[in-house]
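This report looks at strand pairing and at contacts between charged side chains. Please look over the sequence and the structure before reading on.

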Amino acid sequence: MKKLGAFFTDLMETMVISLSIFLIVYLFFMQPHQVNGQSMEPNFQSGDYLLTDKVSYRMSEPKRGDIIVFHAPATANCVKGTGCDFIKRILAVPGETVEIRSGLVFVNGQPLAEPYIPGDVRTLPGDYTDNGPVTLAADEYFAVGDNRGHSSDSRAWGPIHRDDIVGRAFFRYWPAESVGGVTGASYSF
């Protein structure tokens, strides 16, 4: 009977330690997220699973090209109580001016070259960007989905605030054929 009791005590200790490590990693270092919807196609498909780095933005600022996960703004009309998070690509950072015209995204008056989207894709303005250029405040980021025709993003509901960013997507772990690191885009300016 003592051996059985010792076995269950060891099992409980192992479970408590494992759960503690999982919670610490989940709350402070990285978090899994699932892509839901078409907004990041062709680069991410609905059902892809990603790990989000929650540490790097504590030491540095998000930058243009980063693929981020953030809490959806109230105007995105997520189902109440779902804790809706979005995944999008940052196209402009604090202090920059964004404009959507002629089917392109302009940042500070320069057209943004976007090799990660098909060349025939035209970017259309949304409700927020329909009236011309928008200048971002000190804590605002302009984030847009890669699938411009099927993305609810900053063009429609405005910039996201720094405090709403959960982290940077850094690793895709499902589906198996797509496993690997997630890299953001780099731009010529």
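A residue counts as buried when its relative accessible area is under 20%, and as exposed when that value is over 50%. The model discussed here is predicted.

**Salt bridges**

Side chains of opposite charge can pair when their charged atoms come close. In this model the count comes to 9 salt bridges.

| arginine 162 | glutamate 61 | 3.2 Å |

Aspartate 66, at 7% relative accessibility, is buried, whereas lysine 63, at 53%, is exposed. Arginine 162 counts as buried at 18%, while glutamate 61 is exposed at 52%.

**Strands**

Strand E3 (residues 67-71) has 4 of its 5 residues buried, so the rest of the structure largely encloses it. E3 runs antiparallel to strand E4 (residues 85-92), with 5 bridges between them; here valine 69 stands opposite isoleucine 87. E3 is also joined to strand E11 (residues 165-174) by 3 bridges, again antiparallel, and isoleucine 68 stands opposite arginine 168.

An open antiparallel sheet has 4 strands in the order E7-E6-E5-E8. E7 (110-111) and E8 (134-135) stand at its edges with a single partner strand each, so one side of each has no neighbour in the sheet.

How values were computed
Residues are numbered from 1 along each chain as its sequence is written. This is a predicted model: local features need pLDDT of at least 70, side-chain atom pairs count only at pLDDT 80 or more; totals for chains, interfaces and linings use all residues. Side-chain values use heavy atoms; hydrogens and water are left out. Buried means under 20% relative accessible area, exposed over 50%, partly exposed in between (1.4 Å probe, protein chains only). Helices (H or I, at least four residues) and strands (E, at least two) are DSSP runs, numbered from the N terminus. Two strands pair if DSSP finds at least two bridges between them. A salt bridge is a side-chain nitrogen of Lys or Arg within 4 Å of a carboxyl oxygen of Asp or Glu.
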